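Here are some notes to read with the model open beside you. Please check each point against the structure as you go.

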Amino acid sequence: MKTRGLLGHLVFKTQLSKTVMTDHSKPIYVLAGMDAISQIGSPPAIVGSRSPLDQWKQLFLSTFPQEAEAVLPDDPTKDSKYNESIIDSVRAQKMRSWSGLRSYR
């Protein structure tokens with residue numbers, strides 16, 4: 001019902017509901033200005049953390065582990081994981097025609 005009310009407000013300029021949903025097991029619904037840091041509460045005590053921000057960060061990273069970013073090769077067209085003979089042959093043909101145009105000028 002929250003999504004329906006929000007869409008109705010945005011599309012038809014109806015009155016926006018002022019209810020707040022903060023239950024983590026349901027979709028979170030908090031309007032701008034309806035929350036405060038004091039309502040969030042203090043983070044659970046984590047050994048080795050100094051500031052509350054560090055504690056929240058460590059809790060977030062333990063709940064949602066981050067994956068290492070993939071390193072792209074210098075020339076992705078020469079990556080062996082993505083070999084496609086038809087596309088590679090068309091690309092080679094296009095490169096030959098472009099090099100012919102460059103030498104023509």
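How many helices and how many strands are there in the chain?

1. Overall fold. This is a predicted model. The chain has four helices and zero strands, and along the sequence the pattern reads α-α-α-α. Of the 105 residues in the chain, buried residues make up 7%.

2. Helix H1 and its surface. A nonpolar patch on the surface is formed by Leu6, Leu7, Leu10, Val11 and Phe12. Together these residues have about 520 Å² of accessible area. One of them, Val11, lies in helix H1. Val11 counts as exposed because its relative accessibility is 55% and the cut-off for exposed is over 50%.

3. Lys13. Where does Lys13 lie? Lys13 is in the loop between helix H1 (2-12) and helix H2 (37-40). Its phi is positive, at about 60 degrees, although Lys13 is not a glycine. Most residues other than glycine have a negative phi. Lys13 has a relative accessible area of 68%, so it is exposed.

4. The largest pocket. Its volume is about 320 Å³. Which residues line the largest pocket? The lining consists of Val20, Thr22, Ile28, Val30, Met34, Asp35, Ala36, Gln39 and Ile40. By type, the lining residues divide into six nonpolar, two polar and one charged.

5. Pro43. Is Pro43 buried or exposed? Pro43 has 12% relative accessibility and therefore counts as buried, since buried means under 20%. Pro43 lies in the loop between H2 and helix H3 (52-63). Along the chain, Pro43 and Asp54 are 11 residues apart, and their C-alpha atoms are separated by 9.5 Å.

6. Lys78. The loop between H3 and helix H4 (85-104) holds Lys78. With a relative accessible area of 69%, Lys78 is exposed. What is the C-alpha to C-alpha distance between Lys78 and Asp88? Lys78 and Asp88 are 9.4 Å apart in space, and 10 residues apart in sequence.

7. Please locate each of them in the model before moving on.

Conventions. Residues numbered from 1 in each chain as written. Predicted model: local features only at pLDDT ≥ 70, side-chain atom pairs only at ≥ 80, totals over all residues. Heavy atoms only, no water. 1 Å grid on protein atoms, 1.4 Å probe; cavity = no way out; pocket = protein on both sides within 12 Å on 5 of 7 lines; lining within 4 Å. Points joined across faces, edges and corners; volume = space filled by probe spheres on them. Nonpolar A, V, L, I, M, F, W, Y, C, P; charged D, E, K, R; others polar. Helix = DSSP H or I, 4+ residues; strand = E, 2+ residues; numbered from the N terminus. Buried < 20%, exposed > 50% of the residue type's maximum accessible area, 1.4 Å probe, protein only. Patch = residues over 30% accessible without salt bridge, like charges linked within 9 Å, V, L, I, M, F, W, Y side chains within 5 Å. Areas by Shrake-Rupley, 256 points an atom, 1.4 Å probe, with all protein chains shown as cover. Salt bridge = Lys/Arg side-chain N within 4 Å of Asp/Glu carboxyl O.
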